[in-house]
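Hello,

Here is the structure we talked about. Please open it alongside this note; my findings follow below.

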Amino acid sequence: MSMPVSLEPGKRFNFLTATIPINQTVSGAVDLLNYALRGLIIPPSFEGTVITFQASSTLAGTYNPVVDDTGAAIQITGVVQNNYIVFGAAVAEKLNACDFLKLISNFGVAAARAITLVGVASTK
């Protein structure tokens, strides 16, 4: 479920949730069909330091690693709990190609962790 919030005139951000279950590293799927991803809000007690992504063309489809044209994984490094991470233009553009996304932590979580995805309305 998303919550629209107006942070500046003419621009609406929506906050979506990707939850990584206890003792796992991969979140549930998030539907980004109507959104362009702009960042992440990392919760308190998040154990990972790197987040990578898997994408699919359908919600219930097969999820594959998201890589760039050189084969390098799209990743967010230096992840720290309680941080609001704003994507640079290159990462945002690459992730805009993904309609359905899962987040992967490099470390299993001791309790379920909800990562907030910051999106802006998009017609892709």
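**A buried loop residue**

Ile42 has a relative accessibility of 1%, so it counts as buried; the cut-off for buried is under 20%. Please keep in mind that this is a predicted model.

Where does Ile42 sit? It is in the loop between strand S4 (35-41) and strand S5 (50-56). Leaving out residues up to four places away in sequence, Ile42 touches Ile51, Val79, Val80, Gln81, Asn82, Asn83, Ile85 and Ile115. There is also a pairing across the sequence: Ile42 and Thr116 are 74 residues apart along the chain, yet their C-alpha atoms are separated by 6.8 Å.

**Asn82, one of those contacts**

Asn82 is on the contact list of Ile42. Its own place is the loop between strand S7 (75-77) and strand S8 (84-86). Buried or exposed? Asn82 has a relative accessible area of 54%, so it is exposed, the cut-off being over 50%. Its phi is near 65°, a positive value in a residue other than glycine. Most residues other than glycine have a negative phi.

**The loop between S2 and S3**

Two residues here are worth a look. Ser27 lies between strand S2 (11-20) and strand S3 (30-31). Its relative accessibility is 3%, so Ser27 counts as buried. Beyond its neighbours within four places in sequence, Ser27 is in contact with Ala18, Thr19, Ile20, Lys102 and Leu103.

Asn23 is found in the loop between S2 and S3 as well. Asn23 is exposed, because its relative accessible area is 60%. The phi of Asn23 is near 60°, again positive in a residue that is not glycine.

**The whole chain**

The protein has 1 helix and 10 strands. From the N terminus, the order is β-β-β-β-β-β-β-β-α-β-β. The radius of gyration is 14 Å, close to the 14 Å that the globule rule gives for 124 residues, so the protein is as compact as a globular protein of that length. The C-alpha trace spans about 40 × 30 × 25 Å along its principal axes.

How much of the protein is buried? Buried residues make up 37% of the 124. Of the contacts with a separation of 6 or more, 76% are between residues 24 or more positions apart. The accessible surface is about 6,700 Å², and 55% of it belongs to carbon and sulfur atoms.

Last, the charges. There are 7 positive and 7 negative side chains. The centres of the two sets lie 6 Å apart.

Best wishes

Notes: Residues are numbered from 1 along each chain as its sequence is written. This is a predicted model: local features need pLDDT of at least 70, side-chain atom pairs count only at pLDDT 80 or more; totals for chains, interfaces and linings use all residues. Side-chain values use heavy atoms; hydrogens and water are left out. Helices (H or I, at least four residues) and strands (E, at least two) are DSSP runs, numbered from the N terminus. The radius of gyration is taken over C-alpha atoms; the globule rule is 2.2 Å times the number of residues to the power 0.38. Buried means under 20% relative accessible area, exposed over 50%, partly exposed in between (1.4 Å probe, protein chains only). Contact means heavy atoms within 4.5 Å. Accessible areas come from the Shrake-Rupley method with a 1.4 Å probe; for residues, only the protein chains shown count as cover. Lys and Arg count as positive and Asp and Glu as negative; His and the chain ends are not counted. The place of a charge is taken as NZ of Lys, CZ of Arg, CG of Asp or CD of Glu.
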